[in-house]
Amino acid sequence: MIEFNDVAVRYPRSDVSALGGVTLEARRGLLTAIVGPNGSGKSTLVRALIGRIALERGTIRIDGAPAPTLGGAELARRVAVITQREDLAFPLIVSEYVALGRFPHLGIWHAAEQKDRLAIDLSIDAAGVAALRERRIDALSGGEWQRVRLARALAQGGDALVLDEPTAFLDVAHEMSVFELLHGLARSGKAVLLISHQLNLVARFADQLVLLHRGAVAAAGPPDSVMQAETLERVYEWPLVVSRDPAVGAPTLVPLRRR
Amino acid sequence: MPLTRWAVLVIALVAASLLAIAVGTVSIPISALWDALRRVGETMPIMVVWTLRIPRVTLAILVGAGLGMSGAALQGTMRNPLAEPYLLGVSGGAAVGAVIGLTLGLGAALLPLAAFAGAIVAVLAAFFVAHAAGARGDPRVLLMAGVVVGAFANAAIMVVMANAEPNTVRNALWWMMGSVGDATWRQIAILAGYVLAGGGALIVVGRQIDVLALGEDAAAGLGLDVDTAIRRVFFIASLLAAATVSAAGLVGFVGLVVPHLVRAGGARRHRELLIGSAIAGATLVVLADLLGRVLRPPSELPLGAVTALIGVPFFLAKLRRLV
């Protein structure tokens with residue numbers, strides 16, 4: 001389980017806090033989604049989690065233990081993070097790339113053992129990229145690349161998965177398949193924390209929604225309680241309606257033309 | 001990388017070394033070469049082979065191995081296909097350090113440390129310039145910063161030269177052009193120590209360079225202490241480059257060209273890339289030195305000039321792809 005408790009972050013040379021005391025949790029077995037406008041602090045949460053930016057206040061706990069006390073490798077063994085952008089300066093083969101997910105276990109001294117190879121094989125299968133094993137990363141399509149990144153995160157072997165906009169630039173089919181995969185991973189017992197702009201998809205797949213607004217939680221809870229037109233309109237500063245999708249039964253946001 | 005390609009790399013190095021030992025102002029036929037290597041037969045070929053050619057080729061191997069590994073490590077860590085000690089100004093800084101160390105009368109064992117101090121100052125200066133330009137992450141900006149620092153280093157050497165005795169001037173000039181011509185066994189032993197220790201250390205942290213090559217945030221997500229790891233690689237790669245500079249002067253572009261060739265050969269993870277770059281770098285410098293000796297006899301072209309003539313077109317091709 002990942003818990004953010006009153007987490008506040010301010011970037012150097014900035015007057016305003018990027019996060020002004022955010023409290024949320026991602027539990028095992030659940031798909032928790034963080035949504036919110038651009039600049040609301042979503043990615044900052046991820047950077048704070050992996051220790052790329054210091055906390056001004058608050059704590060981040062993994063399974064009850066404060067993240068800084070775990071150390072980088074132990075944190076990475078428990079929580080796999082897929083950051084928003086990642087472009088390889090020098091392309092690897094897919095299997096080599098996925099194998100890097102074992103780095104938190106191997107460090108620089110240990111040789112890969114049977115259990116490492118097994119973890120790599122299983123995660124390649126789970127992400128559905130077995131056919132791409134020998135392909136070069138720079139020869140993958142956007143959808144394939146996101147799945148390969150997911151395979152690397154799964155190879156880390158932790159119980160928690162954090163993803164920052166894993167479906168950006170994907171078409172409908174690829175986007176759906178990633179969401180299905182994440183949903184399945186959550187149901188298999190992992191804590192999945194997903195940052196996404198796809199409110200309507202998130203409303204269908206997530207168990208919990210957290211709506212961020214200017215570095216603070218504007219609303220949190222099951223999709224039905226967060227997907228309220230009044231709240232969303234205020235946060236996104238755009239006229240919209242929320243209806244119930246007749247085909248799937250989930251709350252659906254429809255942005256309106258400016259009046 | 002497949003085993004056959006490793007074999008090709010090793011055979012190329014052995015062949016280049018034998019060729020470089022045999023060919024020169026005095027060429028030694030293959031039959032006589034074997035005798036001379038075993039120290040049997042005529043005295044003259046034995047003299048030439050053991051006192052001139054073998055030290056020279058050995059030094060070239062060490063210089064090439066050091067520069068190749070330094071370039072491979074810097075490229076991976078900076079995620080920059082144009083990174084290499086010469087273009088980043090590391091070598092220039094090292095040359096200034098070495099020239100200053102020389103005027104202070106430092107011995108051969110300590111000279112690499114003076115060069116190293118110069119190299120570190122140059123790296124910090126290049127980062128400072130790139131940072132001031134507000135684009136530390138842009139490969140081209142850091143490169144420009146490195147070129148500027150390198151030019152400054154050249155100017156600094158000129159200033160030192162302007163007031164120096166003729167002997168020092170000759171030494172400084174030698175540093176700026178690069179050469180493995182005056183190789184001594186003592187020099188070779190010292191450089192071998194630095195190359196083995198530095199190269200070995202880089203190979204040990206090779207997996208960290210694999211992770212760093214994914215980008216800083218991704219590397220942090222895999223549990224790496226990113227800032228410490230980057231500093232460590234820079235420190236070792238600079239030390240390696242500085243040691244080659246204090247032994248052979250400024251030899252550019254080896255660290256740029258070699259890792260790309262080895263990557264094209266199929267080495268993608270940094271442990272194998274570093275080892276491959278050491279072998280290929282050694283081959284390149286041995287051949288470049290040989291070319292410098294045979295192109296316009298009896299005068300020798302400076303080693304640094306030959307590697308630049310090979311490296312600049314390569315650099316332009318890479319730059320074109322990047323822009």
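Q: How do you know whether the span of helix 5 of chain B agrees with its number of residues?
A: In this predicted model, helix 5 of chain B covers residues 111-132, which is 22 residues, and at 1.5 Å a residue these should span 32 Å. The expected span is 1.5 Å times one less than the number of residues, and since the end C-alpha atoms are 32 Å apart, the two values agree.

Q: Which residues of helix 5 of chain B are called buried, and what makes a residue buried?
A: A residue is buried if 20 or more other C-beta atoms lie within 10 Å of its own. In helix 5 of chain B the buried residues include Leu111(B), Ala115(B), Phe116(B), Ala119(B), Ala122(B), Val123(B), Ala126(B) and Ala130(B). As background, an α-helix has 3.6 residues a turn, so residues three or four places apart point the same way.

Q: What makes chain A as compact as a globular protein of its length?
A: Chain A, with its 11 helices and 12 strands, has a radius of gyration of 19 Å, which is close to the 18 Å that the globule rule gives for 259 residues, so chain A is as compact as a globular protein of that length. Along the principal axes, its C-alpha atoms fill a box of roughly 60 × 45 × 35 Å, and buried residues make up 41% of the chain.

Q: What is said of the two faces of strand 6 of chain A, and with which strand does it pair?
A: Both faces of strand 6 (residues 79-82) of chain A are covered, with Val79(A) and Val81(A) buried on one side and Ala80(A) and Ile82(A) buried on the other. Strand 6 pairs with strand 7 (residues 160-164) of chain A in the parallel sense over 4 bridges, and Ala80(A) stands opposite Leu161(A) in strand 7.

Q: How many residues of chain B are in contact with chain A, and which elements give two or more of them?
A: On the side of chain B, 24 residues are in contact with 21 residues of chain A. The elements of chain B that give two or more residues to this side are helix 9 (206-212) and helix 10 (216-221), and by class the side has 10 nonpolar, 6 polar and 8 charged residues.

Notes. Residues numbered from 1 in each chain as written. Chains lettered and ligands numbered in written order. Predicted model: local features only at pLDDT ≥ 70, side-chain atom pairs only at ≥ 80, totals over all residues. Contact = placed C-beta atoms within 7 Å. Nonpolar A, V, L, I, M, F, W, Y, C, P; charged D, E, K, R; others polar. Buried ≥ 20, exposed ≤ 12 C-beta atoms within 10 Å, placed from the backbone. Rg over C-alpha atoms; globule rule 2.2 N^0.38 Å. Pairing = 2+ DSSP bridges.
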